[in-house]
Amino acid sequence: MTHTNTTAKTTNGDLNGDLDLTIPQRHRAAIYDKPGTISTKLVEVDTPEPGAGEVLIRLTHSGVCHSDLGVMTNSWETLPKPTPAGQIGGHEGVGRVVKLGPGVESSGIKVGDRVGVKWVASVCHRCAPCLAGVDGLCINSTVSGYFRPGTFQQYVVGAADYVTPIPEGLSSASAAPMLCAGVTMYDALKKAQVKGGEWVVISGAGGGLGHIGVQIAARGLGLRVIGIDHGSKRGLVEASGAEHFLDFQQFAGDDIVAEVVRLTGIGAHAALVANTSNKVYEQALHYLRFNGTLVCVGVPEGVAQPIASCKPGYLMVRQLTVAGACVGNRRDAQEVLDFAARGVVDPHHTLVHLDKLTEVSVFLFCLLISYLGDLCLS
Ligand SMILES: [Zn+2]
Ligand SMILES: [Zn+2]
């Protein structure tokens, strides 16, 4: 494999100084060396050559998402095939384009552009979901970090027509978690069909997804937010803009349902469940008001179960809606990055080096919630 080693200066305001276009033949990557267990290994891999319609990106940051843990440990029933050994994980990467593949010149992407790589790495633009603007569900998509090398490495190939432009002024460390957690919560809030002044309950409000969701809801969309989480998250959830914080450990049985109804008068307009508890899903349908919407975001661990309270008669008499939010679309990604660039959303993160990925994953496993660690890949 050969590379043209060039060095050039860019004029597009690189936050980290001038862009060095020297491309090494090999680079560092973290692989899942023992899929099914929490284990990663730092190795050197060949730096790929971008193919037709692709760009090569020098990554500087990657978010670490709870979904990465699901792929690493094969713990998701929804994944069609077990993760292969040697898989490079990661799906929230940010870096600069350092090389264009054939045919990319007309795409508008230039060498030096700062871009992001999301969970959905490429789409076909032709299938029914793509034509409907639901490109996150493209039936011909490829997925970063699952049967396609992900962002836990220094260089990754991206689809020129699907990478996400990163707004100037937004740090790469803050942009990374917005590419998955941010866009997912923003999409979930759209699916909640709520408008300013209405009540939304966010469960798992102090987690990686949750606290970003609270910020978008309260500061970006003018919603009244009730955040539910462990008591240790009170400070983060309140600082993120929640009007009320409920420590779930302080409520026995279904008392938390009564408390939400009391705070909102008649129940919340919407509930977003961003944690992995089946019980929380069950309770959420009980504290919604008429015409309320439950949006499913968190995937419960282990064997999938129906929501115990999701009974046709109950949904009918309250005219409730149960919706799912997955990964949003390209437009959602750009809009939510704009919230971050304007300072409306400021994702809480901890920056660690790539060689700490296994420790971060153990931490995620212990918490069993979405925590955001940001990896520094330089
Ligand atoms: Zn994710
Ligand atoms: Zn498609």
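**Close-up views of a predicted model**

**View 1. Leu272 and its surroundings.** Leaving aside neighbours within four places in sequence, Leu272 is in contact with Ala188, Ala192, Val200, Ile202, Gly213, Val295 and Val297. The model shown here and in every view below is predicted. Leu272 stands opposite Val295 in β15. The chain reaches β15 from β14 by way of helix α7 (residues 278–284), and this β-α-β crossover is right-handed.

**View 2. The largest nonpolar core.** This core has 99 residues. Val200 and Leu272 are the residues with the most contacts inside it. Helix α3 (residues 172–191) gives the most to this core, contributing eleven residues. In soluble globular proteins, nonpolar side chains tend to be buried together.

**View 3. Val297 in its loop.** Val297 lies in the loop between β15 and α8 (312–318). Is Val297 buried or exposed? It has 25 C-beta neighbours inside 10 Å; the cut-off for burial is 20 or more, so Val297 counts as buried. Its contacts, leaving aside neighbours within four places in sequence, are Thr184, Ala188, Leu209, Leu272, Val273, Ala274 and Ala325. Val225 is 72 residues from Val297 along the chain, and the C-alpha atoms of the two are separated by 17 Å.

**View 4. Strand β14 and its partners.** Strand β14 covers residues 268–273. It is mostly covered: six of its six residues are buried. What does β14 pair with? Strand β11 (residues 199–203) pairs with β14 in the parallel sense over four bridges. Here the bridge partner of Ser203 is Val273. Strand β15 (residues 288–296) also pairs with β14 in the parallel sense, over five bridges. In that pairing Ala268 stands opposite Leu288, and Leu272 stands opposite Val295. Strands of a sheet pair through backbone hydrogen bonds, either parallel or antiparallel.

**View 5. From β15 to β16.** The parallel pairing of β15 with strand β16 (residues 321–324) runs over four bridges. Which residue of β16 is the bridge partner of Thr293? The partner is Thr321.

**View 6. The antiparallel sheet β2-β1-β4.** Three strands form this open sheet, in the order β2-β1-β4, and the pairing is antiparallel. The edge strands are β2 (41–46) and β4 (87–88), and each pairs on one side only. Strand β1 (residues 26–32) is joined to β2 by six bridges. Within that pairing Arg28 stands opposite Glu44 in β2. In a regular strand the side chains alternate between the two faces of the sheet.

View 7. Most residues other than glycine have a negative phi. Which backbone angle sets His125 apart? Its phi is near 65°, a positive value in a residue other than glycine. His125 is found in the loop between β7 (120–122) and α2 (128–131). With 12 other C-beta atoms within 10 Å, His125 is exposed. Asn291 is not a glycine, yet has a positive phi of about 60°. Asn291 is exposed, with 12 other C-beta atoms within 10 Å.

**View 8. The whole chain, for orientation.** The protein chain has ten helices and 18 strands. Its radius of gyration is 21 Å, close to the 21 Å that the globule rule gives for 378 residues, so the chain is as compact as a globular protein of that length. The C-alpha trace spans about 65 × 40 × 40 Å along its principal axes. Of the 378 residues, 49% count as buried. Among contacts with a separation of 6 or more, 71% are accounted for by residues 24 or more positions apart. The domain assignment gives domain 1 (26–166 + 348–376) and domain 2 (182–324). The C-alpha centres of these two domains lie 29 Å apart.

Terms used. Residues numbered from 1 in each chain as written. Chains lettered and ligands numbered in written order. Predicted model: local features only at pLDDT ≥ 70, side-chain atom pairs only at ≥ 80, totals over all residues. Pairing = 2+ DSSP bridges. Helix = DSSP H or I, 4+ residues; strand = E, 2+ residues; numbered from the N terminus. Right-handed = clockwise from strand over helix to strand, strands pointing away. Rg over C-alpha atoms; globule rule 2.2 N^0.38 Å. Contact = placed C-beta atoms within 7 Å. Core = buried A, V, L, I, M, F, W, Y, C linked by C-beta atoms within 7 Å. Domains from an automatic or database assignment.
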